[in-house]
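Reader: Could you walk me through this one slowly? I would like to start with charged pairs and then move on to other parts.

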Amino acid sequence: MDPLLAQIIVSGTGEAVKVMTEKLLSSKWLKGTEDSIGIIEQLDQSEIRTKYIEKHVSNALRMRTLHQREHDILLGDIYFPLTIKNAANNDEIIINDDCIISHPRILNIVGIAGQGKSTILRKLFLNEIELKNRIPFFLELRRVEKGTILDFFKLTLESLGVDIDRSNNHVELLLQSGKIILMLDGFDEVKANSRLEILSQIKELNIRYNCHVIVTSRPETEVCRETSINNLIVKELNEESQLGILKVLSNQTEFNELSSVISDNPQLKETLKTPILINLLYVCYPYWDELPSNVVEFYNKLYITLYLKHDRMKSWARERKSTLNTDDSLWCFSALCYFSMKDEVFEFDTISLAKYAKKALNAASINTKECELFVDDIINITCLIQQDGLDRYVFLHKSVQEYHAAYTISNLPKEIKMKFYDSITENLSSNDKFDNVLTFLHYIDKDAFQEQISIKYFETLGLAVIANADLNDVCHFIIKKTERLSLYAESIDNEQVSWQEIELISQELGLDVLHLMTGGLRVIDDTLDDLILDAANNDFHISELEKYDYSSVANPLTERTSVTSFRINLASFIIKNNLLEDLAKLLKKTASEYYHCTYTPLIKEKKKKAKALYKEFEIKREI
């Protein structure tokens, strides 16, 4: 038997699954959902229960980390309690052994790269099994490539040997029973053009079936902005948590040395805000002459450290198989990251990994006969791409892919680099695919970033002009931008109409990327949206529709067909509700702040550098 599976069974988790299904079968069921009991009865059968433990529980609790790169380890062996904060009321929740989160609305665990979102979700999965009140299912959203989440859940049940009889609706009844919870990992890893559809499906699971759902996402994705979802923010690590995670990773001697380094170095302490950075510090510290002072420096040192020296940590050396020197290997790995990132590919099988490796080698004019050996070195020497299953390969962490994609971009010839920046800004306001790449580029490609993003894109948005325009021109600008936006409403009882969805004006104007354009994270500036939301807060009589530019439509955001839906032109709504002047003042204020604090200083600095270069090469004619 697989040692980790044996450990899961011996630890009591296997017995907990048995008790869980028995407990649910003997519990009271909601009226109308009794037909789904047969699914739980099947899960209670020894053979299917064993498959649930082997295929589902085991996969959810297995992890492979940089410090344990030779084999999988169980979550419980490395987990240190992390803390989340409810965005609605600032209540803090420590995700320890006793923690169960239950809420009638969808819960969304929000965190930046490497902050432990998935780890928290896996811990909650384990806790659900231990508590035995609901059967948890851990589903990775990036795997829902065809069909719906519901279809994917049905396939998951069938993979365990459950006969769900697709001719009936027993699975749907199971969702309504309150006996299961769906844990949906990685909303931010769903392709951008599929997210609204996936979000609609997540909402349907909760609203139509009343199913308990927990999602994970990076900040400011579509799921974070949805009003019907409760966001739980992962807190940054404080010193106590930093040392607690380090204690789990290290032996006493290592802990004593590294804990002193952290405690005595305020700048390092400020940098180590996420668990992944604690892991990287632990693995790489013995071979660093100088400690990194920020996140970018961590990733900058990572590949070379692992490629050259990591194997010597255990007093034995694994021979590299490819003939690539260190610089070529780093360049090709980074190119592989860029090509796959561009295609929104975050995991590979053998064929696709070889495809991207060959593409990277070709780009470096290196013989593709090196492909297999190059891939072997990445997996077995650096472990930055790891085997995860029979024919599945994943990055150690998505941020590794993002940093090295940025590294590739920063090293492109100028004319090609400019084409990249032009292409990325075409959809920057509506697509966050390259957000974290841009954050890295702000540090490692600062001049090009400032020229193309901080300056040029601000001009492209039209906000540089708005900062100095009179109020009438700002009003015209808003009307032009909102003519293509809509509000959606639905008819309800007594000839009343209820507002349902509003397309965000802040996103259309580009306000959500202003912070990103200075090297920070995308931040929703909902000041303008709030004015519109406040005006659309109350239901109204259907006759009032006549004052707007509207039409009867099927609402693509709700997909409900049992009610009449209306699409109202946002520009007409703004005008009829006397919001235009207030919106113009707020927009001008926001544009002016960026103009004076970021745009103008950068323009002056750019001119100063150009002048200095001109003087340096100034030639005077001899008389």
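**Charged pairs, a sheet and a helix**

Author: A salt bridge joins Glu22 and Lys18, and their closest N and O atoms are 2.7 Å apart. Please keep in mind, as we go on, that this is a predicted model.

Reader: Where do Glu22 and Lys18 sit relative to each other in helix H2?

Author: They are four residues apart in helix H2, which means that about one helical turn separates them. In general, an α-helix has 3.6 residues a turn, so residues three or four places apart point the same way.

Reader: And is Glu22 buried, exposed or partly exposed?

Author: Glu22 counts as partly exposed because its relative accessibility is 36%, and Lys18, at 28%, counts as partly exposed too.

Reader: Which side chain does Glu402 meet in a salt bridge?

Author: Glu402 meets the side chain of Arg218, with 2.8 Å from N to O. This pair links distant parts of the chain, since Glu402 belongs to helix H19 (residues 398–410) while Arg218 lies in the loop between E8 and helix H10 (222–225), 184 residues apart.

Reader: Are those two buried or exposed?

Author: Glu402 counts as buried at 2% relative accessibility, and Arg218 counts as buried at 7%.

Reader: How many salt bridges does a search of the whole structure find?

Author: The search finds 34 salt bridges. Some residues are linked in a network of them, namely Glu140, Arg142, Arg143, Glu189, Glu347 and Arg392.

Reader: Changing topic, in what order do the seven strands of the open sheet come?

Author: The order is E4-E3-E9-E5-E8-E7-E6, and the pairing is mixed. Strand E4 (92–95) and strand E6 (135–140) stand at the edges with a single partner strand each, so one side of each has no neighbour in the sheet. On average, neighbouring strands are turned by 25° against each other, direction ignored.

Reader: What does strand E9 pair with, and in which sense?

Author: With strand E3 (residues 82–86), E9 pairs in the antiparallel sense over three bridges, whereas with strand E5 (residues 106–110) the pairing is parallel and runs over five bridges. Ile233 in E9 stands opposite Lys85, and Ile233 is also the bridge partner of Val110. Strand E9 (residues 229–234) is mostly covered, as five of its six residues are buried.

Reader: Back to helices, which residues of helix H1 are buried?

Author: In helix H1 (residues 3–10) the buried residues are Leu4, Leu5 and Ile8. They lie on the same side of H1 because they cover an arc of only 100° around the axis. These buried residues pack against helix H2 (13–26), helix H4 (46–61), strand E1 (62–63) and strand E2 (73–74), while the face turned away from the buried side carries the exposed residues Pro3 and Val10.

Reader: Last one: how many disulfides are there?

Author: The count is zero. For Cys371, the nearest cysteine sulfur belongs to Cys332 and is 10 Å away.

Technical notes: Residues are numbered from 1 along each chain as its sequence is written. This is a predicted model: local features need pLDDT of at least 70, side-chain atom pairs count only at pLDDT 80 or more; totals for chains, interfaces and linings use all residues. Side-chain values use heavy atoms; hydrogens and water are left out. Buried means under 20% relative accessible area, exposed over 50%, partly exposed in between (1.4 Å probe, protein chains only). Helices (H or I, at least four residues) and strands (E, at least two) are DSSP runs, numbered from the N terminus. The arc is that of the directions from the helix axis to the C-beta atoms. Contact means heavy atoms within 4.5 Å. A disulfide is a pair of cysteine sulfur atoms within 2.5 Å. Two strands pair if DSSP finds at least two bridges between them. Axes are lines fitted to C-alpha atoms, for helices over the stretch in contact, and angles run from 0 to 180 degrees between N-to-C directions. A salt bridge is a side-chain nitrogen of Lys or Arg within 4 Å of a carboxyl oxygen of Asp or Glu.
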